[in-house]
Amino acid sequence: MSRILAASTAEFRIALRNRWVTIAVLMMALFSLVLAAAGSAPTGDVGADRLSVTVASLTSLAVYLVPLLALLMSFDAIAGEVERGTLPLVLTYPVSRAELLLGKFTAHLGILALAVIVGYGLAAAAAIATDARAIAGIPALVRLVWTSLLLGATFIAIGYAISALARRPGAAAGLAVLLWLVMIVLYDLGLLAAVVADGGGSFTTDVFPWLLLANPADAFRLFNLAASEATAAAAGISGAAGTIPTAHSLTSIALWPFAALGLALAAFRKVTP
Amino acid sequence: MQSLTLSTITKAFGAVRALTDVSFTVAPGERVALLGHNGAGKSTLMKIVLGLLRADRGQITVLGAVPGSNAARTGTAYLPENVAFHPSLTGLEQLRYYLRLRGETPAKAIDLLERVGLKDAARRRIGTYSKGMRQRVGLAQALIGTPRLLVLDEPTSGLDPVSRREFYTILEGLAADGVAILLSSHALTEVEAKTDRIVILRDGLLVADDTLANLRRKAALPIRLQVAARPGSADEVAKKLAGGRRNGVVVDLLCQHDDKLARLGDIAALGAMIEDVEILPPSLEDIYSHFSQRPAS
């Protein structure tokens, strides 16, 4: 435990020096504030409180931004150590690869948590300041925070797996961007196209829901939108997914971090320093 | 019990045989130098000892345990060749990290840095350090806790002569305390008198494992006699002694150890033609070349 903490402290300090903490917090804060400002205009008469609407907008933002931020922080974690030549030495210490990986993981997740809480917090503060009823949206906000962290944890771990498999930071960065594009953008487009082509057949009813659940980003979106009362503000896939029970999407987002960490550890164990 | 025992260690990378049937031991308190050209297998051997690589064949015991096991890693300290650290951390932070990984109190970091002469730079980022300073950080981390086996891969590369001497003084103290030391180098001159035994690898084969004095005897390299002739008589001296002329006055002779006195007698017999005689025993570089160079086929 103390070794995990030691690795985590060192990793956090490095991220602080490299301005990653600042960049992550600024990025989340900026996007949240822009969304809060943009989202506030048309909602005056929707009926939902201002915060719930903001949470719905934040959800659609988080699906893109949280995985991106997570991958940006993690793609260098192992490949960078291999390239700098710092890995062989640390692996001769009485510390297991799992402990090293968990050390990095807690540091990166901590930074993400900081960014998410500051970002969402600013947006929430803006909503509450302008709408007294907005307090009603607090549970939705809290839910968004912890699910964002589960989503982020998944992609941080996936980033480690990529980093270990690629061995070189450049290749790892390329793979991370590709993965983000496929899992976050193209996956939904592909599913949408398949649903349209299927025209309400057995694919749409039997296979499609499971494919949505299989992707952590989609499961995250499903869970938050289904659990939120402001689904009206959301568009796209959520409509089609109204039938998926939240227990299913919750299971998916809760299991993904463990699966991804397992994958990352397996890949890291294959790295020969 | 030996601190380190290697027996018929063999390792190949694809078709390249990095190590073939290498066997030797290092006892507690013994300093063993591992010599060889680049690519002779020194680093591979060290990585196998550390458990970073697995040998294809052969047995190895590190402090009575399997290499890479927790017991072996706890008692072993390593200094890699061209040691690297994260450039964003300061020397102090880096050492505090390593101390905590070994379960030691991070407060010892500043003492360790002082011991290797880095106290003043402790709060500077390692990115600003010179190669020699990074090497000192590497040495400092190898001194953490009470290692019983030190594995040092070209530890003095990048160190100036004064720092080298300080470095070997530290090693001497550790060996006196019973720490087994395996260090690699590619210069025999450097490890002379600073190590107890020399192991030479050539193309992954162990070609020598002995003390320097014994290696010198085994190599049986010829002694060089440099005879300085009086001006004008060099040609005659060369002819009479059947030696080769080096320049205007010097005649070069090679002879085996046992012939030395007889040859000196020959030279003395020439009397007035000779101005001076210089006896040059085989240099350390000659001995090293003798063992480390591939026999001409």
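This is a predicted model: local features need pLDDT of at least 70, side-chain atom pairs count only at pLDDT 80 or more; totals for chains, interfaces and linings use all residues.
Residues are numbered from 1 along each chain as its sequence is written, and chains are lettered from A and ligands numbered from 1 in the order in which they are written.

**View 1. Overall dimensions of chain B.** The C-alpha trace of chain B spans about 75 × 45 × 35 Å along its principal axes. Of the 297 residues in chain B, 40% are buried (a residue is buried if 20 or more other C-beta atoms lie within 10 Å of its own, exposed if 12 or fewer, and partly exposed in between; C-beta atoms are placed from the backbone). Among the contacts in chain B with a separation of 6 or more, 67% join residues 24 or more positions apart; two residues are in contact if their C-beta atoms, placed from the backbone, lie within 7 Å.

**View 2. The two domains of chain B.** Domain 1 covers 4–217 and domain 2 covers 222–281, with bounds that come from an automatic or database domain assignment. The C-alpha centres of the two domains of chain B are 45 Å apart. Chain B contains 11 helices and 13 strands (DSSP runs numbered from the N terminus: helices are H or I, at least four residues, and strands are E, at least two).

**View 3. The sheet β2-β1-β4 of chain B.** Three strands form this open, antiparallel sheet in the order β2-β1-β4; two strands pair if DSSP finds at least two bridges between them. The edges are β2 (16–26) and β4 (57–62) of chain B, each with a single partner strand, so one side of each has no neighbour in the sheet. From one strand to the next, the twist averages 25°. Strand β1 (residues 4–13) of chain B pairs with β4(B) over five bridges in the antiparallel sense. B:Thr5 has B:Thr61 of β4(B) as its bridge partner.

View 4. Two bridges join β11(B) to strand β12 (residues 250–255) of chain B in the antiparallel sense, and the bridge partner of B:Gly244 in β12(B) is B:Asp252. Axes are lines fitted to C-alpha atoms, for helices over the stretch in contact, and angles run from 0 to 180 degrees between N-to-C directions.

**View 5. The contact between chain A and chain B.** Chain A gives 20 residues to the contact and chain B gives 22 residues. On the side of chain A that touches chain B, α1 (2–17) and α5 (87–91) of chain A are the elements giving two or more residues.

**View 6. A:Leu5 in helix α1 of chain A.** A:Leu5 is found in helix α1 of chain A. A:Leu5 is partly exposed because 15 other C-beta atoms lie within 10 Å. A:Leu5 and A:Leu100 are 95 residues apart in sequence, and their C-alpha atoms are 9.3 Å apart in space.
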